[in-house]
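Please open the model in a viewer and keep the selection panel at hand.

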Amino acid sequence: EFNGSFYQPSAFLMRGIPGLEALHPWISIPFCALYLTALLGNCVILFIIRRTPSLHEPMYYFLSMLAVTDLGLALCTLPTTLGLFWFNVRRIGFDACLTQMYFIHILSFIESSVLLAMAFDRFIAISHPLRHPAILTKTTVLKIGLAIVLRGMVSLLPIPFLLKRLTYCGKTELSHSFCFHPDIMNLACADIKVNVFYGMIVLLSTVGMDFIFIVLSYILIIRTVVSLTTKEECLKALNTCVSHICAVLVFFIPMIGLSMTHRFGKNVPPLVNTLVAYTYLIIPPALNPVIYSIKSTHIREALLRALRRKRG
């Protein structure tokens with residue numbers, strides 16, 4: 001049926017957690033808790049920053065960008081994941097799948113870039129505290145935000161078109177309850193070298209470079225902190241970075257793991273691949289607001305003040 005002819009499926013079939021299909025209604029409970037935490041937590045972060053004038057500074061503007069990105073990631077995967085777990089809705093249209101994939105990848109790339117911007121902000125704040133307000137003005141932060149969004153949108157724009165040109169085989173089952181570029185690409189019968197090459201180039205030139213610059217930023221931060229005179233100053237400087245370091249680890253470790261399993265882990269059990277994917281897309285949006293609420297004194301105090309006003 002497919003030899004020498006162009007074939008494109010009308011829809012793909014999504015897969016939940018392999019081997020645990022009968023338990024999907026029960027498994028949906030922790031997923032609901034994570035999605036609820038992600039949605040409420042990031043909305044609270046945005047509300048607190050907007051309502052607290054003392055938080056209107058670069059560090060918290062970037063945190064707002066991170067919260068908006070996390071909200072987007074949670075909302076991208078929530079309908080298909082909970083639809084599968086609750087109602088066993090496995091079918092997703094071809095174009096709808098490509099649209100979801102495009103936004104998932106854009107938001108992931110934006111999150112990576114925002115984490116880099118936050119690392120740059122911490123470096124300037126610790127290394128050049130007096131020049132920090134002059135370097136990162138509101139206009140500069142806005143320009144950085146626009147550049148981050150444009151970079152993600154433009155670099156990933158060819159991906160859906162590269163997938164649409166492919167001929168697909170009879171297999172239409174995806175590995176997850178959402179659409180992911182390597183997952184769709186591997187269902188094609190045609191030569192996918194262009195897709196693989198372009199995907200790797202984009203990944204390395206965006207997320208890969210972001211990670212390298214984040215590491216370099218922290219090397220420079222550590223050099224500056226070591227030169228401080230007292231131990232208290234060192235601890236105070238490093239304490240401002242703890243939340244950001246946790247956010248970086250929570251985002252990059254699962255992302256690297258998912259990329260490796262999709263490209264090189266052919267013998268990896270499907271359950272491991274699925275768990276890594278869910279960890280990558282659901283855990284960071286849920287954990288980031290919790291991390292910043294616990295570790296950031298200013299966020300915590302502003303949240304407590306807001307709660308007291310409500311009770312009063």
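A cavity, on a 1 Å grid over the protein atoms alone, is a set of points where a 1.4 Å probe fits but cannot get out; a pocket is an open set with protein on both sides within 12 Å along at least five of seven lines; lining residues have an atom within 4 Å of a point. Grid points are joined across faces, edges and corners, and a volume is the space filled by probe spheres set on the points.

This is a predicted model, in which local features need pLDDT of at least 70 and side-chain atom pairs count only at pLDDT 80 or more, while totals for chains, interfaces and linings use all residues. Residues are numbered from 1 along each chain as its sequence is written, and side-chain values use heavy atoms, with hydrogens and water left out.

**Stop 1: the largest pocket**

Select Ser 175, Asp 183, Asn 186, His 262 and Asn 273, which lie nearest the centre of the largest pocket among its 25 lining residues. The volume of this pocket is about 600 Å³. Next, show the elements that give two or more residues to its lining: α7 (181-185), α8 (193-226), α10 (242-264) and α11 (270-295). Helices (H or I, at least four residues) and strands (E, at least two) are DSSP runs, numbered from the N terminus. With four residues, α10 gives the most to this lining.

**Stop 2**

Move to the second largest pocket, with a volume of about 310 Å³. Its lining includes Glu 57, Tyr 60, Lys 236, Asn 239, Lys 295 and His 298. At least two lining residues come from each of α2 (58-87), α9 (231-239) and α12 (297-311). By class, this lining has two nonpolar, six polar and four charged residues.

**Stop 3: the cavities**

How many cavities of 30 Å³ or more does the structure hold? There are three. The largest cavity contains about 200 Å³ of space. To find it, select His 105, Phe 109, His 181, Leu 203 and Arg 263, the closest to its centre of the 17 residues that line it. The elements giving two or more residues to this lining are α3 (94-127), α7, α8 and α10. The lining of the largest cavity has 12 nonpolar, four polar and one charged residues.

The second largest cavity has a volume of about 60 Å³. Select Met 59, Phe 62, Met 118, Asp 121, Arg 122, Thr 240, Ser 243, His 244 and Tyr 292 to show its lining. Here α2, α3 and α10 each supply at least two residues, and the largest share, three residues, comes from α3. By class, the lining of the second largest cavity has four nonpolar, three polar and two charged residues. Keep Met 59, Arg 122, Thr 240 and Ser 243 selected: these residues line the second largest cavity and also the second largest pocket.

**Stop 4: ring pairs**

A search of the whole structure finds 12 aromatic pairs. Rings of Phe, Tyr and Trp (its six-membered ring) pair if their centres lie within 6.5 Å; planes under 30 degrees apart count as stacked, over 60 as edge-to-face and the rest as tilted.

Select Phe 178 and Tyr 278, an edge-to-face pair with 6.3 Å centre to centre and 70° between the planes. Phe 178 lies in the loop between α6 (158-164) and α7 and Tyr 278 in helix α11, so the pair ties together parts that are 100 residues apart in sequence. Phe 178 is buried, at 1% relative accessible area, and Tyr 278 is buried at 5%. Buried means under 20% relative accessible area, exposed over 50%, partly exposed in between (1.4 Å probe, protein chains only).

Next, select Phe 211 and Phe 252: the ring centres are 5.0 Å apart and the planes at 50°, so the pair is tilted. Phe 211 sits in helix α8 and Phe 252 in helix α10, 41 residues apart. Phe 211 is partly exposed, with a relative accessible area of 33%, whereas Phe 252 is buried at 3%.

**Stop 5: a backbone angle**

Finish at Asn 88, in the loop between α2 and β2 (91-93). What is the phi of Asn 88? It is positive, about 55°, although Asn 88 is not a glycine. Most residues other than glycine have a negative phi. Asn 88 counts as exposed, at 52% relative accessibility.

How values were computed
Ala, Val, Leu, Ile, Met, Phe, Trp, Tyr, Cys and Pro count as nonpolar, Asp, Glu, Lys and Arg as charged, and the others, Gly among them, as polar.
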